[in-house]
Amino acid sequence: MLQIEIDNGSGFCFGVTTAIQKAEEELSKGNQLYCLGDIVHNGMECERLRKMGLVTINHDDMRKLHNVKVLLRAHGEPPETYELACQNHIEIIDATCPVVLQLQKRIKRQFEAGAAQIVIFGKKGHAEVLGLVGQTQSTAIVIESVDEVTKLDFSRDIFLYSQTTKSLDEFHQIIEYIQQHISPSATFKSTDTICRSVANRMPNISQFASRHDLILFVCGRKSSNGKVLYNECLRVNPNTHLIEGPDEINHQWLKGIKTVGICGATSTPKWLMEKCRDAIQ
(Lines give C-alpha, C1' and ligand atoms only; values in the text may rest on other atoms or scores of the structure.)
Protein backbone atom coordinates (compact mmCIF):
# COMPACT_ATOMS: atom_id res chain seq x y z
CA MET A 1 0.00 0.00 0.00
CA LEU A 2 1.24 3.47 -0.93
CA GLN A 3 2.39 5.51 2.07
CA ILE A 4 2.19 9.31 1.96
CA GLU A 5 3.86 11.63 4.46
CA ILE A 6 3.53 15.42 4.68
CA ASP A 7 6.62 17.11 6.09
CA ASN A 8 5.78 18.68 9.47
CA GLY A 9 8.58 21.24 9.02
CA SER A 10 7.13 22.63 5.78
CA GLY A 11 4.55 25.37 5.53
CA PHE A 12 4.27 29.06 6.26
CA CYS A 13 7.00 30.77 8.24
CA PHE A 14 6.14 33.16 11.06
CA GLY A 15 6.29 36.26 8.84
CA VAL A 16 3.93 34.90 6.20
CA THR A 17 1.52 33.53 8.82
CA THR A 18 1.34 36.95 10.50
CA ALA A 19 0.74 38.78 7.19
CA ILE A 20 -2.10 36.43 6.25
CA GLN A 21 -3.66 36.68 9.71
CA LYS A 22 -3.61 40.49 9.49
CA ALA A 23 -5.27 40.35 6.07
CA GLU A 24 -7.95 37.91 7.25
CA GLU A 25 -8.69 40.01 10.35
CA GLU A 26 -9.22 43.15 8.29
CA LEU A 27 -11.28 41.39 5.61
CA SER A 28 -13.49 39.72 8.24
CA LYS A 29 -14.62 43.21 9.30
CA GLY A 30 -15.94 43.78 5.79
CA ASN A 31 -13.31 46.46 5.08
CA GLN A 32 -11.75 47.11 1.68
CA LEU A 33 -8.11 46.04 1.81
CA TYR A 34 -5.32 46.37 -0.72
CA CYS A 35 -2.05 44.42 -0.61
CA LEU A 36 1.11 45.83 -2.18
CA GLY A 37 2.35 42.87 -4.22
CA ASP A 38 1.39 39.21 -3.81
CA ILE A 39 0.96 38.59 -0.08
CA VAL A 40 2.80 35.30 -0.54
CA HIS A 41 4.54 33.66 -3.50
CA ASN A 42 1.82 31.07 -3.88
CA GLY A 43 -0.87 31.51 -6.52
CA MET A 44 -3.50 29.32 -4.86
CA GLU A 45 -3.22 31.07 -1.48
CA CYS A 46 -3.39 34.47 -3.22
CA GLU A 47 -6.54 33.31 -5.02
CA ARG A 48 -8.13 32.17 -1.74
CA LEU A 49 -7.57 35.61 -0.23
CA ARG A 50 -8.73 37.35 -3.42
CA LYS A 51 -12.06 35.55 -3.04
CA MET A 52 -12.24 36.95 0.50
CA GLY A 53 -11.84 40.46 -0.95
CA LEU A 54 -8.08 41.16 -0.90
CA VAL A 55 -7.04 43.34 -3.86
CA THR A 56 -3.42 42.99 -4.97
CA ILE A 57 -1.84 46.17 -6.34
CA ASN A 58 1.57 47.38 -7.53
CA HIS A 59 3.39 50.62 -6.74
CA ASP A 60 1.87 52.44 -9.74
CA ASP A 61 -1.62 51.49 -8.54
CA MET A 62 -0.81 52.74 -5.04
CA ARG A 63 0.11 56.20 -6.37
CA LYS A 64 -3.48 56.57 -7.60
CA LEU A 65 -5.09 55.52 -4.31
CA HIS A 66 -6.18 57.85 -1.51
CA ASN A 67 -7.82 57.34 1.90
CA VAL A 68 -7.65 53.53 1.79
CA LYS A 69 -5.94 50.73 3.75
CA VAL A 70 -2.89 49.02 2.25
CA LEU A 71 -1.21 45.96 3.74
CA LEU A 72 2.56 45.66 3.41
CA ARG A 73 3.54 42.00 3.22
CA ALA A 74 6.32 40.24 5.13
CA HIS A 75 9.02 41.16 2.58
CA GLY A 76 9.07 44.80 3.69
CA GLU A 77 9.19 48.05 1.72
CA PRO A 78 11.63 50.94 1.14
CA PRO A 79 11.10 54.32 2.88
CA GLU A 80 9.53 55.79 -0.30
CA THR A 81 6.46 53.56 0.13
CA TYR A 82 5.78 54.98 3.60
CA GLU A 83 6.27 58.51 2.29
CA LEU A 84 3.76 57.88 -0.51
CA ALA A 85 1.24 56.47 1.99
CA CYS A 86 1.57 59.62 4.08
CA GLN A 87 1.08 61.89 1.05
CA ASN A 88 -2.02 59.98 -0.12
CA HIS A 89 -3.54 59.57 3.36
CA ILE A 90 -3.23 55.80 3.09
CA GLU A 91 -3.42 53.77 6.29
CA ILE A 92 -0.63 51.22 6.35
CA ILE A 93 -1.17 47.80 7.89
CA ASP A 94 2.46 46.81 8.30
CA ALA A 95 3.08 43.06 8.18
CA THR A 96 6.82 43.36 7.56
CA CYS A 97 8.53 40.33 9.12
CA PRO A 98 10.36 41.33 12.35
CA VAL A 99 13.55 39.67 11.05
CA VAL A 100 13.38 41.77 7.85
CA LEU A 101 12.55 44.93 9.82
CA GLN A 102 15.60 44.44 12.04
CA LEU A 103 17.78 43.95 8.95
CA GLN A 104 16.43 47.15 7.34
CA LYS A 105 17.33 49.11 10.49
CA ARG A 106 20.86 47.67 10.56
CA ILE A 107 21.49 48.56 6.93
CA LYS A 108 20.07 52.06 7.39
CA ARG A 109 22.33 52.71 10.40
CA GLN A 110 25.38 51.55 8.44
CA PHE A 111 24.42 53.69 5.45
CA GLU A 112 24.03 56.76 7.65
CA ALA A 113 27.50 56.08 9.11
CA GLY A 114 28.82 56.55 5.55
CA ALA A 115 31.90 55.63 3.47
CA ALA A 116 31.68 51.83 3.24
CA GLN A 117 30.36 49.67 0.41
CA ILE A 118 27.13 48.11 1.61
CA VAL A 119 26.75 44.72 -0.08
CA ILE A 120 23.59 42.61 0.00
CA PHE A 121 23.65 38.95 -0.97
CA GLY A 122 20.22 38.48 -2.52
CA LYS A 123 18.09 38.16 -5.60
CA LYS A 124 18.00 41.32 -7.72
CA GLY A 125 14.49 42.72 -7.96
CA HIS A 126 13.16 40.58 -5.11
CA ALA A 127 10.68 42.49 -2.94
CA GLU A 128 12.73 42.07 0.24
CA VAL A 129 15.95 43.15 -1.51
CA LEU A 130 14.27 46.26 -2.97
CA GLY A 131 13.23 47.19 0.57
CA LEU A 132 16.81 46.69 1.83
CA VAL A 133 18.42 48.64 -1.01
CA GLY A 134 15.90 51.41 -0.37
CA GLN A 135 17.47 51.97 3.07
CA THR A 136 20.65 53.12 1.29
CA GLN A 137 19.07 55.50 -1.27
CA SER A 138 19.70 52.72 -3.83
CA THR A 139 23.50 52.79 -3.36
CA ALA A 140 23.85 49.24 -1.96
CA ILE A 141 25.47 46.64 -4.23
CA VAL A 142 23.43 43.47 -4.74
CA ILE A 143 25.24 40.24 -5.54
CA GLU A 144 23.38 37.05 -6.42
CA SER A 145 26.25 34.56 -6.21
CA VAL A 146 29.92 34.07 -5.38
CA ASP A 147 30.73 34.73 -9.07
CA GLU A 148 29.57 38.35 -8.70
CA VAL A 149 31.81 39.16 -5.72
CA THR A 150 34.65 40.07 -8.11
CA LYS A 151 32.94 43.37 -8.99
CA LEU A 152 33.47 44.75 -5.47
CA ASP A 153 36.20 47.28 -4.74
CA PHE A 154 38.46 45.38 -2.34
CA SER A 155 40.46 48.52 -1.53
CA ARG A 156 37.40 49.99 0.27
CA ASP A 157 35.56 48.94 3.42
CA ILE A 158 32.87 46.31 2.82
CA PHE A 159 29.84 45.64 5.03
CA LEU A 160 28.03 42.48 3.95
CA TYR A 161 24.42 41.50 4.68
CA SER A 162 22.09 38.85 3.28
CA GLN A 163 18.50 38.58 2.17
CA THR A 164 16.86 36.59 4.99
CA THR A 165 15.94 33.56 2.84
CA LYS A 166 19.27 32.93 1.09
CA SER A 167 21.52 29.87 1.44
CA LEU A 168 23.76 29.92 4.51
CA ASP A 169 26.45 27.89 2.69
CA GLU A 170 26.63 30.39 -0.19
CA PHE A 171 26.79 33.28 2.27
CA HIS A 172 29.81 31.69 3.96
CA GLN A 173 31.49 31.15 0.57
CA ILE A 174 31.08 34.86 -0.19
CA ILE A 175 32.54 35.79 3.23
CA GLU A 176 35.52 33.53 2.59
CA TYR A 177 36.18 35.06 -0.85
CA ILE A 178 36.05 38.64 0.50
CA GLN A 179 38.34 37.75 3.42
CA GLN A 180 40.89 36.37 0.95
CA HIS A 181 40.81 39.43 -1.32
CA ILE A 182 40.15 42.45 0.92
CA SER A 183 42.99 44.98 1.20
CA PRO A 184 44.86 44.95 4.54
CA SER A 185 44.02 48.65 4.86
CA ALA A 186 40.24 48.07 4.42
CA THR A 187 37.67 46.88 6.94
CA PHE A 188 35.38 43.93 6.25
CA LYS A 189 32.39 43.10 8.41
CA SER A 190 29.70 40.52 7.69
CA THR A 191 26.39 40.35 9.51
CA ASP A 192 24.61 37.01 9.31
CA THR A 193 21.01 38.07 8.66
CA ILE A 194 19.69 34.78 7.29
CA CYS A 195 16.46 33.73 9.00
CA ARG A 196 17.07 30.57 11.00
CA SER A 197 13.47 29.39 10.62
CA VAL A 198 14.28 29.15 6.89
CA ALA A 199 17.94 28.05 7.15
CA ASN A 200 17.08 25.27 9.62
CA ARG A 201 14.72 23.77 7.06
CA MET A 202 17.65 22.72 4.88
CA PRO A 203 18.96 19.84 7.02
CA ASN A 204 15.41 18.80 7.95
CA ILE A 205 14.19 18.72 4.36
CA SER A 206 17.33 16.77 3.32
CA GLN A 207 16.49 14.04 5.82
CA PHE A 208 12.85 14.06 4.75
CA ALA A 209 13.73 13.75 1.03
CA SER A 210 16.08 10.83 1.71
CA ARG A 211 13.31 8.80 3.40
CA HIS A 212 10.98 8.54 0.40
CA ASP A 213 10.90 7.00 -3.08
CA LEU A 214 9.21 10.09 -4.55
CA ILE A 215 9.17 13.72 -3.39
CA LEU A 216 6.50 16.22 -4.40
CA PHE A 217 7.76 19.70 -3.61
CA VAL A 218 4.72 21.99 -3.55
CA CYS A 219 5.65 25.59 -4.19
CA GLY A 220 4.88 28.71 -6.22
CA ARG A 221 7.50 29.07 -8.95
CA LYS A 222 8.20 32.67 -7.88
CA SER A 223 9.28 31.65 -4.38
CA SER A 224 12.94 32.44 -3.70
CA ASN A 225 13.39 30.14 -0.70
CA GLY A 226 11.30 27.53 -2.51
CA LYS A 227 13.95 27.22 -5.23
CA VAL A 228 16.66 26.73 -2.62
CA LEU A 229 14.70 24.05 -0.73
CA TYR A 230 13.54 22.31 -3.92
CA ASN A 231 17.14 22.08 -5.20
CA GLU A 232 18.20 20.58 -1.88
CA CYS A 233 15.47 17.92 -2.20
CA LEU A 234 16.54 17.23 -5.78
CA ARG A 235 20.19 16.88 -4.73
CA VAL A 236 19.28 14.29 -2.09
CA ASN A 237 16.53 12.57 -4.08
CA PRO A 238 16.64 12.86 -7.92
CA ASN A 239 13.03 11.62 -8.01
CA THR A 240 11.78 15.03 -6.86
CA HIS A 241 9.15 17.05 -8.74
CA LEU A 242 8.20 20.69 -8.22
CA ILE A 243 4.45 21.27 -8.49
CA GLU A 244 2.26 24.29 -7.75
CA GLY A 245 -0.78 22.21 -6.86
CA PRO A 246 -2.59 18.87 -7.19
CA ASP A 247 -3.47 19.45 -10.87
CA GLU A 248 0.21 19.12 -11.78
CA ILE A 249 0.63 15.63 -10.29
CA ASN A 250 1.48 13.12 -13.00
CA HIS A 251 0.16 9.76 -11.80
CA GLN A 252 2.76 8.01 -13.97
CA TRP A 253 5.29 9.14 -11.34
CA LEU A 254 3.61 6.82 -8.81
CA LYS A 255 4.29 3.59 -10.73
CA GLY A 256 6.36 1.23 -8.59
CA ILE A 257 6.52 3.78 -5.76
CA LYS A 258 5.99 2.68 -2.14
CA THR A 259 6.44 5.98 -0.27
CA VAL A 260 5.69 9.59 -1.26
CA GLY A 261 6.93 12.61 0.67
CA ILE A 262 5.11 15.93 0.27
CA CYS A 263 6.90 19.10 1.37
CA GLY A 264 7.11 22.77 0.47
CA ALA A 265 8.47 26.26 0.99
CA THR A 266 7.86 28.91 3.65
CA SER A 267 5.20 30.23 1.25
CA THR A 268 3.36 26.91 0.89
CA PRO A 269 0.14 26.56 2.92
CA LYS A 270 -0.46 23.28 4.77
CA TRP A 271 -3.93 22.99 3.18
CA LEU A 272 -2.35 22.87 -0.28
CA MET A 273 -0.01 20.02 0.66
CA GLU A 274 -3.04 18.19 2.10
CA LYS A 275 -4.90 18.68 -1.19
CA CYS A 276 -1.97 17.08 -3.03
CA ARG A 277 -2.07 14.13 -0.63
CA ASP A 278 -5.83 13.77 -1.18
CA ALA A 279 -5.37 13.87 -4.96
CA ILE A 280 -2.98 10.91 -4.77
CA GLN A 281 -5.22 8.95 -2.41
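Trainee: What makes α1 roughly parallel to α2?

Mentor: The axes of α1 and α2 cross at roughly 20 degrees and come within 10 Å. That makes the two helices roughly parallel, since the term covers angles under 35 degrees, with over 145 roughly antiparallel, 65 to 115 roughly perpendicular and the rest oblique. Axes are lines fitted to C-alpha atoms, for helices over the stretch in contact, and angles run from 0 to 180 degrees between N-to-C directions. Helices (H or I, at least four residues) and strands (E, at least two) are DSSP runs, numbered from the N terminus. Note that this is a predicted model, in which local features need pLDDT of at least 70 and side-chain atom pairs pLDDT 80 or more, while totals for chains, interfaces and linings use all residues. Residues are numbered from 1 along each chain as its sequence is written, and side-chain values use heavy atoms, without hydrogens or water.

Trainee: Which residues of α1 and α2 meet?

Mentor: I20, E24 and L27 in α1 meet E45, R48, L49 and M52 in α2. Contact means heavy atoms within 4.5 Å. By class, four are nonpolar, none polar and three charged.

Trainee: Why is N67 called exposed?

Mentor: N67 has 62% relative accessibility, so it counts as exposed. N67 lies in the loop between α3 and β4. Its phi is near 55 degrees, a positive value in a residue other than glycine.

Trainee: What makes H89 exposed?

Mentor: The value for H89 is 57%, so it counts as exposed. H89 sits in the loop between α4 and β5. Phi of H89 is near 55 degrees, positive in a non-glycine residue.

Trainee: How do you know that H41 is buried?

Mentor: H41 has a relative accessible area of 15%, so it is buried. Its place is the loop between β2 and α2. The C-alpha atoms of H41 and G220 are separated by 5.7 Å, though the two are 179 residues apart along the chain. Leaving aside neighbours within four places, H41 contacts residues including R73, H75, H126 and G220.

Trainee: What makes α9 oblique to α10?

Mentor: The two pack at an angle of about 40 degrees, with axes 9 Å apart. That angle makes α9 oblique to α10. Among the residues of α9 at the contact are M202, I205 and A209, which face a set in α10 including V228, L229 and C233. By class, that contact has seven nonpolar, two polar and three charged residues.

Trainee: What makes a set of residues a nonpolar core?

Mentor: Its members are buried Ala, Val, Leu, Ile, Met, Phe, Trp, Tyr and Cys residues, joined through side-chain atoms within 4.5 Å. The largest here has 17 residues, and V149, L152, I158, L160, I174, I178 and F188 have the most contacts inside it. β6, β8 and α7 each give two or more residues. α7 gives the most, with four. A second, separate core of 16 residues includes C13, A19, L33 and L71.

Key: Buried < 20%, exposed > 50% of the residue type's maximum accessible area, 1.4 Å probe, protein only. Nonpolar A, V, L, I, M, F, W, Y, C, P; charged D, E, K, R; others polar.
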